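Dear colleague,

Please find below the structure that I am handing over to you. My notes on what was found in it follow directly after.

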Amino acid sequence: MTKAIICRVALAIPLHKAFDYLLPDYLAEKLSMPEAQLVGCRVRVPFGGKRQMVGVICEVNPTLDYDIEKLKKVTQLIDQQPLLSDKLWSLLRWAAFYYQHPFGDVYQQAIPTALRQGKEATFKGSEHWQRTASDIDLDELKRAKKQHQALTLLGDQCLSTSDLKVQGITRVTLKALHDKGIIETLDKQPKVNLSWADNFTESNEKPNLTSEQALAITSVNQQNDTFNCFLLEGITGSGKTEVYLNIIKPILQQGKQVLVIVPEIGLTPQTIQRFQDRFNVPVFLKHSALNSREQLDSWCHAKMGSAAIIIGTRSAIFSDFKDLGLIILDEEHDASFKQQDGFRYHARDFAIKRAHVEQVPILLGSATPAFETLHNALQGKYQHLHLTQRPGNAKPPSSSLINLAGLPLQSGLSPQLIELMTKHLEKNNQVILFLNRRGYAPVLMCHECGWLVKCGRCDAFYTYHKSANYLHCHHCASTHPIPHQCHDCGSTQLMSTGVGTEQLEETLKQLFPQYPTVRIDRDNTRKKESFNQYLTDINNGKYKILLGTQMLAKGHHFPDVTLVALIDVDGALFCNDYRASERLAQLYTQVSGRAGRAEKRGQVLLQTHHPEHSLLQELVNSGYSEFSRHALTERQLAQLPPYSFQALLRAESENATLAESFLGLCKQIIEQISSLNKIETRLFVLGPIPASMERRAGKYRFQLLLQADNRALISNTLQQALPALDKLPEGRKVRWSIDVDPIDFV
Ligand code: ADP
Ligand code: ZN
Ligand code: ZN
């Protein structure tokens, strides 16, 4: 008889523990590897009644002390070797520890959906369609318009389901044709090109480098065979992408792979195109809009080495590579790199850790580096590279403030701004107006008594959406019909107050009927294709006035934009979140950076009721670089991050007392541990206090903040506290979570 093999399995459940299963004899006998190599293999196991779950083995024979009869059995051993590389595996173990998140869930989030479901880690290929030999007169399908269209598109080619979907042909149509025997399917395996490095070539179309670019590139290329973290701080339009391409080149020539991480909104066709056009190597994408086949294929290409470049959003940082040579994180300050629920990792921090473990260089690029990053660069932990000029004749825009006090406004537009817009538009240039508030108006108010229409589930007002004709809460997503009368005084005179993008668009169309306006916000670009279509149309000059929320702020290159105006940012000046000024400064700089990116000089205008405010003065007169260094010294005086480290425990419940008292118990446990460890003078536990929006979606929300001068104090204390926190019966009555290095306190 073979010796019993017990597997400790991590499952994607919200519990900080793994479960033991017996590997049944018939599976143990077939095992083609040493037992220890079971660690990292996926298994299917029974869990809670009849359910079967996919999990991963994280230990083999953890103890010998078992009543084997009582153990449940592994149903299926999915992998015959560990799925992920050792390095990636150990990084995921580290992330689970550092972010205090159950390893089973960390692991599942790091692999594509198909693998989470237990599918084999091989190319799925994609479903293709072609016409059969059967003769058909197209006229017979006249009445079935879609089928007719599908056949016309197919002609005598073979197209994939997603190619056809882009043309508006659904699977239902294809199925109907298939049932009639007119078309047939075939599975096409993707092209696996492992020899891209041998046939490496580079496009001739590339600019002459500026001396700053050349210097930055040389600095990286001279030390690109080991771990080094570089911060490329380059003003908007200074040609950071050109630097990326030049440091990618020698890596690819050595046959090593490159990972490029971009913010969610940055993954536009223009960005991808720039990478695809430069080198004749296979480029693959990794983002959430891919279907599960495409995701798996992309994953396999990276793992097998047939992807030379992977470009992706946050989660691409978990791709497994055959031979990774370089990581680039573009717009490294972007908030979308932090996952805000569940496994709350920060892709930048994980990327740096990863580069270190893999011993490869990493380059962080931004015009507005996050304070954390800047601090590390200024301290000499990262190598600091600078681009302070735009190439060619492009000059940074000039900036000025408009004092709104007492001015007559039209949907928030001052007369000065309207006049200036006219000037720029008459020269056939484009204008960007930035307003970070979608909807028609942020509040609906009674004209007689001042009553405001509030969301019943949140501490927030409803936003008025005129064309959709409802009220919408932007915090819990609930909608409400527009009331006819005031609830307090019964008056029928309800009026909207404040300006949102929808209203501004209406006004712009009246003021500038001859200049087409486009609105870019989440309401208007629900589909990714429509956002991309807008970008193309903007670049083709179809629109002259571009109005939008921060979707418009990031990374886009619009050569004809010469005027950028920020309509209203005053809200951020008086916000109690210590990161608000950093964010405003980044936003201001990024939005301004859209002006004058080609030969034409740009102009930036900021409307405010507080022109004397020191933050605005500093930004307009000196720019982000000086502002950030100054603001960092303020953080240091206040001992705030990056000069200290934080973790936030959050709890929410329909019952305010439950949430608050649970955190009170957590605090006791944490303080006990810190006094046992004699670190109570270095680890501060603040709270519980209500979140700044105390009630959201019907739940009361509380927070407990841990702060220390050292990361390890926080992670070690939390690690020790976790078993006790997990056991608190009060914890079962509330929803609670831990956020390490929080960036959002709302
Ligand atoms: P950033 O990412 O720093 O905002 P980009 O990489 O988008 O800037 O570059 C801005 C523009 O400048 C692009 O059109 C790019 O092609 C161009 N560019 C970059 N480097 C050079 C150069 N050395 N000479 C001329 N044009 C350049
Ligand atoms: Zn009223
Ligand atoms: Zn709400």
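How many disulfides does the count come to? With a disulfide taken as a pair of cysteine sulfur atoms within 2.5 Å, the count comes to zero.

Before the details, two remarks on conventions. This is a predicted model, in which local features need pLDDT of at least 70, side-chain atom pairs count only at pLDDT 80 or more, and totals for chains, interfaces and linings use all residues. Residues are numbered from 1 along each chain as its sequence is written, chains are lettered from A and ligands numbered from 1 in the order in which they are written, and side-chain values use heavy atoms, with hydrogens and water left out.

Zinc sites

Donors here are N, O and S atoms within 2.8 Å of the metal (3.2 Å for Na, K and Ca); water is not among the atoms, so sites may look incomplete. For comparison, the ideal angle for four tetrahedral donors is 109.5 degrees. Helices (H or I, at least four residues) and strands (E, at least two) are DSSP runs, numbered from the N terminus.

As to accessibility, buried means under 20% relative accessible area, exposed over 50%, and partly exposed in between (1.4 Å probe, protein chains only). Cysteine 449 is partly exposed at 40%, as is cysteine 489 at 41%, whereas cysteine 486 is buried at 4%.

The zinc ion (ligand 3) is coordinated by the SG atoms of Cys455, Cys458, Cys473 and Cys476, at 2.2 to 2.4 Å. The site of this zinc ion (ligand 3) is likewise tetrahedral, with angles of 106 to 112 degrees among its four donor atoms. Its donors follow the spacing C-x2-C-x14-C-x2-C along the chain. Cysteine 455, in the loop between strand 19 and strand 20, and cysteine 476, in the loop between strand 21 (470-472) and strand 22, are 21 residues apart and link distant parts of the chain. Both cysteine 455 and cysteine 476 are buried.

Salt bridges

The structure holds 30 salt bridges, each a side-chain nitrogen of Lys or Arg within 4 Å of a carboxyl oxygen of Asp or Glu. Three of them are described here.

In one, glutamate 202 meets lysine 249 at 2.9 Å, N to O. Glutamate 202 belongs to the loop between strand 9 (183-188) and helix 8 (211-221) and lysine 249 to helix 9 (residues 240-253), so the pair ties together parts that are 47 residues apart in sequence. Lysine 249 is partly exposed, at 23% relative accessibility.

In another, aspartate 739 pairs with arginine 344, their closest N and O atoms being 3.7 Å apart. Aspartate 739 lies in strand 31 (residues 735-740) and arginine 344 in the loop between strand 14 (324-330) and helix 12 (347-358), so parts 395 residues apart in sequence are tied together. Aspartate 739 is buried at 0%, and arginine 344 is buried at 11%.

Lysine 509 is partly exposed at 45%, while glutamate 505 is buried at 13%. Elsewhere, salt bridges that share partners join Glu202, Lys206, Glu242, Lys249 and Arg278 into one network.

Helix 10

Within helix 10 (residues 269-278), Ile272, Phe275 and Arg278 are buried. Seen down the helix axis, the buried residues fall within an arc of 140 degrees, so they line one face of helix 10; the arc is that of the directions from the helix axis to the C-beta atoms.

With kind regards

How values were computed:
Four donors count as tetrahedral if all angles lie between 85 and 135 degrees; four count as square planar and six as octahedral if opposite donors are over 155 degrees apart and all others between 65 and 115; anything else is irregular.
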